[in-house]
Amino acid sequence: MIEVNICIGSACHLKGSYDIIRDLQYIIDEEGLEQKVVLKGAFCLGRCTKAVSLLLDDGEVVSVDRNGARNFFETYVRPKLLIVTERKLG
Ligand code: FES
């Protein structure tokens, strides 16, 4: 299971946390990934001056603007899905 924590602290909320949550949830639903990717809310991740902060389960924090959910997914989540799939096959 890949966990993505989206900051819903006040600064990130104003910059579009909920737009990102909505768009990531759409991708997860569209691709039937409910058993592979989980979204969770997080509070301030310490990068309030940047775009919305997302924390990956490996500890990496990524700043994503409100229209950047698809790009974030393809750049950071999709490769992890492929690794998980390869591990199951191997
Ligand atoms: S409120 Fe999101 S990083 Fe601070």
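How many helices and strands are there in the chain? The chain has 3 helices and 4 strands, where helices (H or I, at least four residues) and strands (E, at least two) are DSSP runs numbered from the N terminus. The model is predicted, so local features need pLDDT of at least 70 and side-chain atom pairs count only at pLDDT 80 or more, while totals for chains, interfaces and linings use all residues. Residues are numbered from 1 along each chain as its sequence is written, and side-chain values use heavy atoms, with hydrogens and water left out.

**Figure 1. The whole chain.** From the N terminus on, the order of elements is β-α-α-β-β-β-α. The C-alpha trace spans about 40 × 25 × 20 Å along its principal axes. Of the 90 residues, 34% count as buried, where buried means under 20% relative accessible area, exposed over 50% and partly exposed in between (1.4 Å probe, protein chains only). Among contacts with a separation of 6 or more, 67% come from residues 24 or more positions apart, a contact being heavy atoms within 4.5 Å.

**Figure 2. The open sheet.** The 4 strands of this sheet are ordered β2-β1-β3-β4, with mixed pairing; two strands pair if DSSP finds at least two bridges between them. β2 (37–42) and β4 are the edge strands, and each has a single partner strand, so one side of each lacks a neighbour in the sheet. On average, neighbouring strands of this sheet are turned by 30 degrees against each other, direction ignored. For such angles, axes are lines fitted to C-alpha atoms, for helices over the stretch in contact, and values run from 0 to 180 degrees between N-to-C directions.

Figure 3. Strands β3 (residues 52–56) and β4 (residues 61–64) run antiparallel and are joined by 4 bridges. Ser53 stands opposite Ser63 in β4, and Leu54 has Val62 in β4 as its bridge partner. The hairpin has 4 residues between the strands, and Gly59 takes a positive phi near 95 degrees.

**Figure 4. Helix α2 and its buried face.** α2 (residues 17–31) has 15 residues and reaches 21 Å from its first C-alpha to its last, close to the 21 Å expected at 1.5 Å a residue; the expected span is 1.5 Å times one less than the number of residues. Its buried residues are Ser17, Ile20, Leu24, Ile27 and Ile28. Seen down the axis of α2, these fall within an arc of 100 degrees, so they line one face of the helix; the arc is that of the directions from the helix axis to the C-beta atoms. Gly32 follows α2 and has a positive phi, near 65 degrees.

**Figure 5. Surroundings of Ser17.** Ser17 belongs to helix α2 and is buried, with a relative accessible area of 0%. Leaving aside residues up to four places away in sequence, Ser17 touches Ile6, Cys7, Ile8, Cys12 and Val52.

**Figure 6. Surroundings of Met1.** Met1 lies in the segment before β1 (2–7) and counts as exposed at 59% relative accessibility. Not counting residues up to four places away in sequence, Met1 touches Glu34, Gln35, Lys36, Val37, Val38 and Asp57. Met1 and Gly46 are 45 residues apart in sequence and 25 Å apart in space, C-alpha to C-alpha.
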